[in-house]
Amino acid sequence: MNNERLVLPSSKRFTITIGILVGMFLAALEATVVGTAMPTIVASLGGLEVYSLVFSAYLLTSTVTVPVWGKLSDIYGRRPFYLLAIALFVVGSVLCGQARSMTALIVFRAIQGLGAGGLLPLAMTIVVELYTPLERARIQGYISGVWGVASIGGPLLGGIITDQLSWRWVFYLNIPFGTVAALIVGTQLVEDYPRSKKRAIDLSGILLFTTSITLLMLLLMRSASGFRLSGPNAMLLGGCALAMGLFVRAERRADEPLIPVGLFRNRVFSGAALNGFFSWMAMFGMISFVPLFVQGVLGTGATEAGSVLTPLLMGWVVFAVIGARLLLHVTFRTLMLMGMSLMVTGFVLMDVMGDGVTRGLVLRNVAFIGAGMGLVMITGLIAVQSSVPRGQLGIATSASQFFRSIGGAIGVTLMGTIMTQRMNAQVSVLVQSGADAGDLSQLVENPNAFLQPAFRAAFSPDLITLFQSMPGNALHDTFVVGTVVSVLALVSVAMMPAVRLTRSQQEQ
């Protein structure tokens with residue numbers, strides 16, 4: 001199904017693209033620099049007991065609002081809501097920089113997340129309306145490069161700013177980037193959305209969807225260290241299911257549904273959405289736990305453990321560019337199957353890693369996964385955008401991003417639960433065996449304590465070797481789960497129709 005593009009001079013398109021890339025860099029940088037500054041923030045504001053809520057509040061609001069931004073942009077145009085998203089993000093950043101308590105910081109991070117929920121999907125949608133699919137693939141490669149640079153350089157930049165200036169400047173840094181992006185897009189992007197036809201906003205759908213996903217995110221946050229079907233968790237799960245059921249019912253009756261049910265009858269969209277859900281489950285689980293494997297099993301420092309993800313980012317960028325060129329010659333499904341095969345290979349290699357694995361082998365395995373994601377993510381997004389009319393571009397793009405985000409959150413929680421349960425089981429066996437291991441109480445309460453140098457110093461070398469084998473065993477199970485999920489992602493691609501860019505779409 002063809003899409004109507006905005007016809008703008010090439011110079012104006014280039015300028016708008018620069019503004020979009022600046023906005024992308026803004027969102028990507030925020031995802032990395034804050035984590036580096038958080039220990040200093042806690043030392044300044046206190047509130048260690050609510051440390052995780054600083055991240056959870058941002059994740060909750062940025063995830064829940066993604067489809068809402070997309071739908072509103074379909075009705076009223078991209079520019080006003082992109083500018084509103086930047087404004088919310090920058091205002092939230094300023095407020096975070098001014099925070100005088102951890103409670104205030106959590107609230108302000110939620111405001112920041114409201115804006116972040118619109119930055120990525122709206123930017124991707126604007127790119128669709130500016131470029132042909134083939135040009136778009138090249139631009140998506142640039143976007144991947146921006147994310148790669150921000151992901152690699154963000155922690156370093158966050159550390160420098162925190163040490164040399166103040167942790168508050170980690171948030172103030174967003175002001176110039178946000179201002180530049182807003183000025184460029186606000187002055188250069190000209191849209192032709194009709195204003196005469198009134199289209200109702202699906203308020204009931206928005207409310208039910210927000211309620212359902214908020215309850216789901218709260219459940220995932222409560223289960224970050226292990227899922228238990230307690231009373232509160234059961235209520236959250238039941239409330240989420242009820243609200244989602246009512247949401248689906250409401251969407252079938254709505255004149256302007258938040259997420260049109262007909263989208264899921266589009267096999268390209270449904271296949272790509274399912275693939276995004278499963279592949280991000282696997283990928284984010286790997287991103288979260290491979291550094292733990294390197295630090296806990298190989299005994300490296302935190303910096304070296306973090307750098308092990310660099311091949312993933314580099315492979316992602318390089319193969320995104322390669323994939324853009326291959327789109328000229330193969331179907332979406334073929335290219336995505338190639339990517340998923342690389343990803344499954346990477347996870348299978350992760351499964352066979354043992355205590356004697358070298359850092360070089362870990363880097364190789366991670367590179368396979370990054371290369372696969374580079375082929376799959378951009379191709380899946382272009383496939384979805386090429387299969388829907390312009391009036392559904394915003395919601396199709398944002399819904400695809402939403403399924404990826406939810407998949408990532410579920411993947412981290414699921415694999416974290418498996419790792420924690422396996423670690424607890426191993427520690428319990430060690431304690432029950434009566435081994436002369438000294439005081440293991442803190443290890444029972446916190447299985448990650450073996451990463452702390454002070455903890456290691458209290459035990460014999462033989463026992464430290466035993467401790468290092470424990471996370472290896474536990475993380476092996478998480479990597480097996482990642483393999484299973486990545487195979488499901490591959491199967492979801494196989495279910496997609498074998499369509500490709502037509503000549504008219506390439507030139508559209």
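Analyst: Helices are DSSP runs of H or I with at least four residues, numbered from the N terminus, and Val22 lies in helix 1 (residues 10-45). This is a predicted model, where local features need pLDDT of at least 70, side-chain atom pairs count only at pLDDT 80 or more, and totals for chains, interfaces and linings use all residues. Residues are numbered from 1 along each chain as its sequence is written, and side-chain values use heavy atoms, leaving out hydrogens and water.

User: Why is Val22 called buried?

Analyst: Val22 has a relative accessible area of 18%. Buried means under 20%, exposed over 50% and partly exposed in between (1.4 Å probe, protein chains only), so Val22 counts as buried.

User: Why are Trp167 and Phe171 edge-to-face?

Analyst: Their ring centres lie 6.3 Å apart and their planes stand at 90°, so this pair is edge-to-face too. Trp167 and Phe171 are both buried. Elsewhere, ring pairs join Phe209, Phe247, Phe264, Phe269, Phe402 and Phe403 into a cluster.

User: Why does Val487 count as partly exposed?

Analyst: Val487, in helix 19 (residues 461-494), has 37% relative accessibility, so it falls in the partly exposed class.

User: How many cavities of 30 Å³ or more are there, and which residues line the largest cavity?

Analyst: There are 2 cavities of 30 Å³ or more. A cavity is a set of points on a 1 Å grid over the protein atoms alone where a 1.4 Å probe fits but cannot get out, and lining residues have an atom within 4 Å of a point. The largest cavity has a volume of about 60 Å³, where volume is the space filled by probe spheres set on the points. Its lining includes Ala272, Met336, Val376, Ser400 and Arg404. Helix 15 (359-386) is one of the helices supplying at least two lining residues, and helix 15 gives the largest share, 5 residues.

Conventions. Phe/Tyr/Trp six-rings, centres within 6.5 Å; stacked < 30°, edge-to-face > 60°. 1 Å grid on protein atoms, 1.4 Å probe; cavity = no way out; pocket = protein on both sides within 12 Å on 5 of 7 lines; lining within 4 Å.
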